[in-house]
Structures are given as structure tokens and as C-alpha cells.
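Today I would like to discuss how the parts of one protein model meet one another. Please look at the structure as I speak.

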Protein chains: 2
Amino acid sequence: MARRPPSVAVLGGGSWGTTVASLAAQNTETTLWARAAEVAREITEEHRNTRYLGDLPLTASLRATADLAEAVSAADVLVMAVPSQSFRSVLAETVEQVRPWIPVVSLVKGLEQGTRRRMTQIVAEVMPGHPAGVLAGPNIAKEVLAGYAAAATIVMPDQRSAEMLQDLFRTKLFRVYTGTDVPGVELAGALKNVFAIAVGFGDGLKAGHNTRAMVITRSLRELARLGVAMGGDADTFAGLTGMGDLIATCTSPLSRNRHVGYELARGKSLEQIVAEMNQVAEGVKTCGVVMKLAAEHGVDMPIAHEVDSVINHGQPPVEAYRGLLRTAPGHEVHGEAW
Amino acid sequence: MARRPPSVAVLGGGSWGTTVASLAAQNTETTLWARAAEVAREITEEHRNTRYLGDLPLTASLRATADLAEAVSAADVLVMAVPSQSFRSVLAETVEQVRPWIPVVSLVKGLEQGTRRRMTQIVAEVMPGHPAGVLAGPNIAKEVLAGYAAAATIVMPDQRSAEMLQDLFRTKLFRVYTGTDVPGVELAGALKNVFAIAVGFGDGLKAGHNTRAMVITRSLRELARLGVAMGGDADTFAGLTGMGDLIATCTSPLSRNRHVGYELARGKSLEQIVAEMNQVAEGVKTCGVVMKLAAEHGVDMPIAHEVDSVINHGQPPVEAYRGLLRTAPGHEVHGEAW
């Protein structure tokens, strides 16, 4: 006898939340919560989300609502796709409606400011007892929705849950791998945005593909060092949610964090860049947090340090590059951080 | 008292050999051997190598010659920059002139056909007793020569030699790290070209940045699995000569191997593509070798297999992608190869 497939509620009608909801709707009954009623109406009636995804068509069976209780109350799986700074408050609003036991899957790449908590740690605090994991990978929303082949990994505290959830999100062209390193995947996702800004500096300064490959490679080392110190598995950082996501974020013209670095290097002010974007670039907020974590865990992070100096302390991007080139390289694996 | 800096001979006047010779000439007396007398004359007299490097200026003190004995006889360091298929014969020609003890540094990314030997294994056979290592990294010759920041790693069997050679090649903008994993670096360099062809397929088929990041990430896993089975260190594959070089090769429009895959996917024949290039794309020859090594070492290599099917067995590139998408993904780290 076939089991009833779990229904999915996705909270957050931005580009990635809408895209994942559209994927899930191909496999099971899926409801998307969007804060703006007009966005919800457009998704349900016109199968589009023009504010974030242009004219790309969504799965026709996907329903959206601006009523959080309605979205959550019947869901067997809760997917969180709101910005990291709203994660706790939106989750708290659902506590009274959410069904017991159901897993919570975060799509959010960032750490909570102030507390520096990972999103699944917030789930454990707000909604104790619910298994919490992450779906992440090198995924540019518009490309996934447009049907380009892509891959992601779903990590849950136990492999069995990961395998059951895998089937809700995978399609022929969206390959979903499984894993159990929840902290590693969350840390990789939060930290990589900082390094995408560094790569954006280089691109804005018209550095070449060599420079970019160097910065990406050394960034991953830096990121993995902190990630492992904070409890992640080294394997994770070499995988889709580490290296893979870093490559996509650092090389796609659609990447928001890379865009911020690029425009800063071209001379725009941070205020102006942020004002012109209609979505959050998480790396801008994360770089200060990363510097605090690096200090706490005794990890040297020269690239992140330069990004933080530009974002938070007014250093020109060209000086960030010059600073990095001033030090002499040592042993690649056992030498200094940069 | 300052020690006399070792003089360098670079054998091979292609784009990368010329570029490395130009870097070394900034640090020490350097002679480049080019097979074509006209190329040698142009380098010495006009400080350019227009056949391979357009109008980019070379270090003025760099001298070139078409006389192999002249280039080799006074050298304290021998740098090999000829195609992998000429490596053994060119090296053998130098045996009678080369000074005793001097280190041999290979810049060559490939394995010898037939024997499947790494270049430093050929050095051990042809010139036993000379320490042999590799200088490698994410380096597009024209970008390095044009003065974009870049990084590479020099590996020698012992760390001391690597540190001494480091100073001959590094400049303010060309960062040279050190290491000792000679087999790992050579294997990474040889194998990555095969995967650059796979990425080229995707780009030629107009897949997106997601697809590219997925293929690069899963390629590195595949490459590292074989590399570790053959004696390389896992750390190497996560570094500049592994991941770094793979990223540069897979994302630069100047990459020859990526170009082959791209043009194949756009419908050109392999013969036509090869005829139109004035330099070798090592991956075309390496993919058959890789399949044999994979079989010998019992490593499953689905991406390399698809590349081999296209290059050597007439499979259309679009079928290669379809074949890969047909399998279901498992655990990202402990699951199947793809």
C-alpha cells in the first residue's frame, strides 16, 4: 500500500523559497507562505512570482497564501525560506499551529546576528523536539526554475529522514543528495557569502580567472578551517554545499554577494548598492560575525578580515587585495592561513 | 655572504614555458629553449613570443635559444615545459649535457601514453638521482604574464628543496606555495583536463552556472578518489593544484580542454577542433588513460567515462549529460561515485 506523501509548507516567497516550493509541488501537495498578499495571489492564480523570478512559470499546482496559520497548520514538513534575521520571529509565529514531530528544513544561509546561532539551533530553541536540517547546494534560483540541471544536498540529524525528505524535493533535473552533517552545511552556507564578496572585489578590479581561482581555493581553506573548528566535517566543505556552492556564488553574475563586492570595487558606496538591491546580501551582515567566530575559535582568516575591513571599516577594495599580496606564501597545507 | 642564485633553463617555448621562464628571469639568469629558431630569436631580441602569447612583453633579460645543449649545459635547475608526449625524448637528449645533482621541475600536466607514467617518474627513469618535482596551479599563461595576481605550488620530494626553488619563481603577483606531494599534484594536473572537457560540454549545451558548479564539484570527488588510490594526499586535491586548477580550467574561456568540450557540444567534429588549435589539449589524450587507471584501481568514474565515450567512442555530448542525470543520487560522501 502506497503511503500518503507528506505535504509541504514553504515559508518565504523570495526567489529561492518560491523555487523550492515549485519543485516540491511537482512531488506532493505544497503551500507557500508569502508575506505580501499580492505575491501570494500571483503565485496561486498566475503561477508566477514576477517580483523575484520574472516570467518563469511555476508548477501549476503550487498554492500560496499570505495567511501563515493556513500555510502551516496542515503541513507535514516545514520549510523555512525567510531571511536569517526574520527566521526566529517567523518560526515563533508558527509554534501554535505546527503539527507535532514534523521535520523543519532550513533553506537559509546565514547566522543570527547577536546570538551567532545557526538556523537549526534556532529551531531547537523555538520548537524543541522537531528534527531540523538543511537543503543547500550550488543553486541559483532562476537557473533551477528554468530547468538547468543542478544538485543539492539535504542533511538531517539522521540519514533515514534525509532519505525520506530527498524524494520531496528531487526532480529529474534537480539532483538531491543526502547527508547528516547539519552544522557543517549550515556553516558553509553562512560563511561562503563573505568570500563571494572577496571574489567580487577581484572581478570589479578586473583581476583574471587565475586570481579568482586562487581566491576561491584559499577561501575554501579558510572557510573549512573555521567550519571544522566549529564542529563541521571536512568532507562537507569539499562537497556541493561547500566548494560547490562557493564556486556557484563566486562565478555566477546572478550572485548577490559577489555583486556587492563587484560594485564596491567599482567605486559605489555600500549604502547605494544595498539600496539598489531588492534582496538581502547575507555576506554583508555575516562578515562581522565571522570575525568574532574566528577570534573565539583561534582561526586566522585573512581573506574574511579584508572583506570585513572593507564592509565595516571603510577600507577600499584595492587595498584589500594589496594587503593580501604583501605576505609571503608558505607550505600550502600546513603553512599560514593565506 | 650571499649565495650565487641558481640559473634556470626552461625547455619548451609554448605559452606556459615562456611565461614561467619570464617569471624566473625576474629572479635569476634564465635561458629558454624553443624548438623553432624564429621563436627563440623573437624572445631574445624582441622580448615577445607572438605565436603563443600575442604582444605581451617578456622579461627583457630572458634569453632563448634553439640549441638544446646550450640551454642545458650551464643550468642549475632544469624546468620541463614540453608536451607530455615529447617529455621523455627531450629529456633524454639533455642527459649528456645536464649538470649532476640539479633538480628537474616539470610544468607538464599529463601522463605518458602507453606507459601511463607521471612526468617525474620519467625523470627517475631517464635521469636517475636528480630530484624531480612540479610547479602547478590555477594558471592561465596569458593572465599570469599580463600581471594578474595568481598562485601556484611547487612540490619536491623534500620541503627544503621546494623552499629553495620557490624563490626562483615567485614574484610580487605570482604567489608560489610549497609542498611535497609530488604524485598528488601530478595526478591532479593530468586528470583535471578530462573534467574540463565535461564542463565544456555543459557550457556548449547552454547549461547554467548551477550545472557547472555541480559538475566541477562532483568531478573533483571523482578525480580525488582516483588520485588518492594512486598515492596522492587528499589535501592536495582540495588545494591550488587540485580544486584551484580545476576551477580555472573549467571556468576560463582561455582553457583549451574546456574549449574542446564546448565545440564538441556545439556540433563540431573532434578532428576539426584539434586541427584548428595550435596547441595540444591534453585531456583528449588523457581520457582513455584515465579509464584504464580507473579500472586498474577499481575506482568508479562516471563523469570521465562519459567524456571518454564522447572523445573515443562517438557518443554525442548531449547523451553524456542525459546518461548522468538518469541515476538517482545517494549519500553525498559515502554514496555512489556520481
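Let me begin with a term. A salt bridge is counted when a side-chain nitrogen of Lys or Arg lies within 4 Å of a carboxyl oxygen of Asp or Glu. Please also bear in mind that what you see is a predicted model.

With that term in hand, consider Arg118(A) and Glu186(A). Their side chains form a salt bridge, with 2.8 Å from N to O. Because the cut-off is 4 Å, this pair at 2.8 Å qualifies.

I turn now to the two domains. Chain A is divided into domain 1, residues 8-180, and domain 2, residues 184-325. Taken over C-alpha atoms, the centres of these two domains of chain A are 25 Å apart. Domain 1 of chain A brings 26 residues to the contact, and domain 2 of chain A brings 23 residues.

How much area do domain 1 and domain 2 of chain A bury between them? The value is about 2100 Å², with 65% of it on carbon and sulfur atoms. On the side of domain 1 of chain A, Lys109(A), Leu111(A) and Arg116(A) supply 30% of the area buried against domain 2, more than any other three residues.

Several elements of domain 1 of chain A supply at least two residues each to the side touching domain 2, among them helix 5 (84-94) and helix 6 (119-126). Strand 7 of chain A gives the largest share of that side, 4 residues. By class, the side of domain 1 of chain A that touches domain 2 has 12 nonpolar, 9 polar and 5 charged residues.

Let us move to the contact between the chains. Chain A and chain B each contribute 54 residues to it. Together they bury about 4600 Å², 60% of it on carbon and sulfur atoms.

How many salt bridges are counted between chain A and chain B? The count is 0. Polar contacts, however, join 28 residue pairs between chain A and chain B. Among the elements of chain A that give two or more residues to the side touching chain B are strand 7 and helix 12 (240-251). Helix 10 of chain A gives the largest share of that side, 9 residues. By class, the side of chain A that touches chain B has 27 nonpolar, 19 polar and 8 charged residues.

Thank you for your attention.

Conventions. Residues numbered from 1 in each chain as written. Chains lettered and ligands numbered in written order. Predicted model: local features only at pLDDT ≥ 70, side-chain atom pairs only at ≥ 80, totals over all residues. Heavy atoms only, no water. Domains from an automatic or database assignment. Contact = heavy atoms within 4.5 Å. Buried area = accessible area lost by both parts, 1.4 Å probe. Nonpolar A, V, L, I, M, F, W, Y, C, P; charged D, E, K, R; others polar. Polar contact = N/O pair within 3.5 Å; in protein donor to acceptor, adjacent residues only side chain to side chain.
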